[in-house]
Amino acid sequence: MTAAAEPTSPHVMNTYGRVPIALSHGQGVRVWDTNGKQYLDALGGIAVNTLGHNHPKLVPALQDQITKIIHSSNYYHVPGQEKLAAKLTELAGMTNAFFCCTGLEANEAAIKLARKFGHDKGIDKPEIVVYEKAFHGRSIATLSATGNTKVQQGFGPLVEGFIRVPLNDIAALKAKTEGNPNVVAVFFETIQGEGGVNPMRAEYLQQVRKLCDERDWLLMIDEVQCGMGRTGKWFAHQWAGIVPDVMPLAKGLGSGVPIGAVVAGPKAAHIFGPGNHGTTFGGNPLAMRAGIETIRIMEEEGLLENAAKVGAHLKQSLLNAFEGLEGFKEIRGQGLMLGVELTRPCGVLTARAAERGLLLSVTADSVIRMVPSLILSQAEADEIVAILVPLVKEFLAEPVAAP
């Protein structure tokens, strides 16, 4: 029998520490590699494949759109932009939207909105409050807003104009900004993804909303990873009963088709005018169709309710299995955005899980992250548990590697 070929990419820049597999196709929450091995996909393209793979309602809609028009310039109206913007603003209780291609671009646009908001008020050097452990992207501006020194190293000088504070500490936020007339916005993820699946408490979200109102700041909430139904509501901040002024989106909005958006409320809706911001590919007809159909299918199939129900079952099942286990710290997150934190680095588990037919990731060195498609069933969640629990127990039983 011929040995399975291990994929390589010698002509591609070496920017990723890849697991040595290449995926060829998928169905539902399962994917197959180029050697025919099957995997249960608990990563969902990192919270992207909302509807799983080869969804029977999404694929024909995208095929239909491809036969009509894929791209047109933003010199012209794109009817799908208005249709998707109207739906997003309805779901969010906000005003209008700008479309781009990625979460990085959406966050970059949010930073520009905040700066122009400040300049329009006569502030020469606007400053934005950002958070420890945050991740907003890898452009120079979003990298500067990110709270991870490891990903920032080698790319200085970073952009100025950011004030960093700890999570869930309203006293620290007030102390860091007291008497500073240059503050224009507070910018954070409702649940940090790359930073280790760290949630903002509902009470804290309400406190920050109140503070922004009192001080005439923009409240900008990055819902790129935790939004689009992942926690059981359309946007994770909605659990706190608040509405932001600016909300970047991406990842799950197009169920795999590249799409990003910045949704704005009344306070930020008219900051940008013609010429202030733009994009070549953003808002193209194919991406807009993907966003429209993704939301339609989510509503038809009750995927918010499914995310909440199956996510709670998965979280409790893992907690039951790990509670009291030496080396297990805690499980964080909500719905189908969960992080299992161990007391030591566990990056090897990404490849080990793949060997056993489970796709997941490790973030913040010691947090196992699961962000599967929102179509995940309870039986499939049980399969995740059946693979992951023995894997983690075996890992924690190993001697701790010497530093």
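1. A quick word on handedness first: a crossing counts as left-handed if the near helix is turned anticlockwise from the far one by less than a right angle, and as right-handed if clockwise. By that rule, helix 2 and helix 9 make a right-handed crossing.

2. Please keep in mind that this is a predicted model, where local features need pLDDT of at least 70 and side-chain atom pairs count only at pLDDT 80 or more, while totals for chains, interfaces and linings use all residues. Residues are numbered from 1 along each chain as its sequence is written, and side-chain values use heavy atoms, with hydrogens and water left out.

3. Back to the helices: the axes of helix 2 (residues 58-66) and helix 9 (residues 285-300) come within 10 Å and cross at roughly 155°. That makes the two helices roughly antiparallel (over 145 degrees).

4. On the helix 2 side, the contact (heavy atoms within 4.5 Å) includes L58, A61 and L62, and among their counterparts in helix 9 are P285, L286 and I297. Sorted by class, this contact has eight nonpolar, two polar and three charged residues.

5. There is also an open sheet of four strands, ordered 1-2-3-15 with mixed pairing (pairing needs at least two DSSP bridges). Strand 1 (23-27) and strand 15 (358-359) are at the edges with a single partner strand each, so one side of each lacks a neighbour in the sheet.

6. Strand 2 (residues 30-33) and strand 3 (residues 38-41) pair antiparallel over three bridges, with W32 partnered by Q38 and R30 opposite L40. Four residues separate the two strands in their hairpin, and G36 in the turn has a positive phi of about 90°.

7. Strand 3 pairs with strand 15 in the parallel sense over two bridges; here L40 has L358 as its bridge partner.

Notes:
Axes are lines fitted to C-alpha atoms, for helices over the stretch in contact, and angles run from 0 to 180 degrees between N-to-C directions. Angles under 35 degrees count as roughly parallel, over 145 as roughly antiparallel, 65 to 115 as roughly perpendicular and the rest as oblique. Ala, Val, Leu, Ile, Met, Phe, Trp, Tyr, Cys and Pro count as nonpolar, Asp, Glu, Lys and Arg as charged, and the others, Gly among them, as polar.
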